[in-house]
Structures are given as structure tokens and as C-alpha cells.
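Open the model in a viewer and keep the selection tool at hand. The stops below go from one side chain to the next.

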Amino acid sequence: MVDYVKNILHHAPDDMDGTAATPAASHLFQISENPVMLSEAKKQIFVTIVMQCLYLSQRARPDIRTAISFLSTRLQQPDEDDYKKAARVIKYLRGSVDMVLTLKADQSGIVQWWVDASYAVHPDMKGHTGGTMTLGQGSVYSTSAKQKLVTRSSTESEVVGVHDVLPQLLWTGYFLKAQGFGVKDTKLYQDNMSSMLLEKNGRSSSTKRTRHMNVRYFFVKDRVAAGEVNIEHCPTGDMVADFFTKPLQGAQFGKLRNLVMNLASSSKYYSAQRSVLSMDENPNRSGSGDVTKTVTFK
């Protein structure tokens, strides 16, 4: 979709010129307490850009997903800060206009998911869920969304995040099996040991800080017990879903973008900060890693 990106850039206003190293600054989720609202004309520009980028993020550029996920919640009453954040996305795209998403599927029959959550990162103290899935290399599916309730701990936020992603995880497994894809296992990686215990054991691992949690979040335990998903630990530094929970910067952004976009080491966008746990080099992963299908989204 390089041509689509070029078209967005061609119609972007002059005040969005320049380039940026990342699609969002670290203050992405912050909202001005004294906002300067956009004029109707400027609002239309903002809405158009966000909707175009939303389509792009869902189709071929998951690297802008976190920024666009937030901006999509600001369409009704956008202010000047929101406009500047949209401009940051445009500047990032200008600096990476020909970056492409490459997907590779292997013969292991293992569907891998990473799910993470950022605790109380929004002004109303709600968390943010991030998730991504691969069949080998590259992000086939990704999600970045504000959580719908206020949680009392990072552990609870993680459990809520898994519950948010679980329906898509289960549907994906059913769909792949219906298409004749031999799904041998579905692995879900998390970096919070406390939430993993709750998801595996339910109430038996509950403490005073988690007893208040709604029983519906232990739906995860039922799916684990049924063998539909296996939850395994992933080091925090290699948690791919962290890419979709907050606006990362610097080396960590580059390292995880390598995995999400499956950038070749020869690519000019490839970050030299290599992950210990890449999507195709997971030490917990069993089965053949032979690549059977490669798809590049241009």
C-alpha cells in the first residue's frame, strides 16, 4: 500500500511537513485540560487523515496502530493537541513511506499471541490493551484499545486485556481449523506472572486485591482448562504486544517494529537492536520452522 501512503502524504496540509522517528510522542494519551478546539475546516482535515490512517493501520501498517487507536477516540471534539498528534503520524509515514509488512507462515501449526496491558495510562485512569498474533513472522492481526473499565492493579489490567483479546483468539483458531489449517497449539504469551496464575487457576489464586474482580474475566481459565489456549511467560523486554499498549520510543520501538513488520535485516528501516525472543526464534516454540508462505503488503 505504498501508493496509498503516498496519496495520504500528497493531500496532507503544509503544516504537517517534516519527518518523525516514531508515530507518536510519549505524551500520546494525555489530553489538554484547557483545549483549543479546531475550526470546522481543520476538524475535517483531522477526521479525514485519522480515518485514512485507520484503514492503513488495519491493512498494512500496524506500526501506527497505537497512535491511530487513540486518535480515533478524538474525532468528535478534536483540539489543537490532537491535530499535532495526527501531524506526528503523517511525519512518521513520510519518513517510512516505502516500509512494507511481510508475513511468513511456517509448518509448526502453532498460532502465537502476545497480549499486554498498560495500567492507568489514560486521564480517566483506564488502562490500555495491546495484542498481536503471528503464524510465523510478522503481525497477522493486531489490536490496540483503551480498556472499558478502571482497574485497581496492573495484574487486573493484564487479566482484562486477555479477556479483551480472547474472543478474537478463539475465533481465529476456529477459522483456521475450518480452512483446513492444522492448528496444533495456540500459545498466549504474557509478562505478568500474577495475572497468569489468575488465568490458569481462577479464584484459587485470588488475593484481597483481586477478589473483587468480575467472574466473567475467569472465562479465560475455562478456555485454558479446555485446552484451547496455553498461557506461557515472555520476558517484559521481549513482549511484542507492548508495542500496542503505549507510544514506545528509541531502541525498544525499533526492536519491536522489526518483529511486527517483519523487517529484513537488509531493510533501511531495520533496527540493529535485535530481540532475544523474535517471532520465529521463540525458545518455547516447538515444531518445524520451515517457511511455507510469504506475503508482502505493498
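## Aromatic pairs and other stops

Select Tyr141: with a relative accessibility of 26%, this residue is partly exposed. The model is a predicted one.

Trp113 is buried, its relative accessible area being 0%. The two rings form a pair with centres 5.7 Å apart and planes at 55°. Now colour by secondary structure. Trp113 belongs to strand S2 (residues 110-118) and Tyr141 to strand S5 (residues 141-146). The two residues are 28 apart, and their pair links distant parts of the chain.

Next, go to helix H5 (residues 154-178) and select Trp171 and Phe175. These two are four residues apart in the helix, so about one helical turn separates them. Their rings are stacked, with 5.0 Å from centre to centre and 15° between the planes. Phe175 is partly exposed, at 38% relative accessibility.

How many aromatic pairs does the structure hold? The count is eight. For a group of rings, select Tyr92, Phe243, Phe244 and Phe253, which form one aromatic cluster.

Then turn to a charge over a ring. Select Tyr83 and Lys42: Lys42 lies over the face of Tyr83, at 4.4 Å from the ring centre.

Now move to the loop between S2 and strand S3 (128-134), where Ala120 is found. Most residues other than glycine have a negative phi. Ala120 is not a glycine, yet its phi is positive, at about 55°. Select Met125 in the loop between S2 and S3. Met125 also has a positive phi, near 70°.

Finish with the cysteines. Select Cys53, which is buried at a relative accessible area of 1%. Then select Cys234, which is buried at 0%. How many disulfides are there? A disulfide is a covalent bond between the sulfur atoms of two cysteines. With a cut-off of 2.5 Å between cysteine sulfur atoms, the count is zero.

Notes: Residues are numbered from 1 along each chain as its sequence is written. This is a predicted model: local features need pLDDT of at least 70, side-chain atom pairs count only at pLDDT 80 or more; totals for chains, interfaces and linings use all residues. Side-chain values use heavy atoms; hydrogens and water are left out. Buried means under 20% relative accessible area, exposed over 50%, partly exposed in between (1.4 Å probe, protein chains only). Rings of Phe, Tyr and Trp (its six-membered ring) pair if their centres lie within 6.5 Å; planes under 30 degrees apart count as stacked, over 60 as edge-to-face and the rest as tilted. A charge sits over a ring if NZ of Lys or CZ of Arg is within 6 Å of the ring centre and within 35 degrees of the ring normal.
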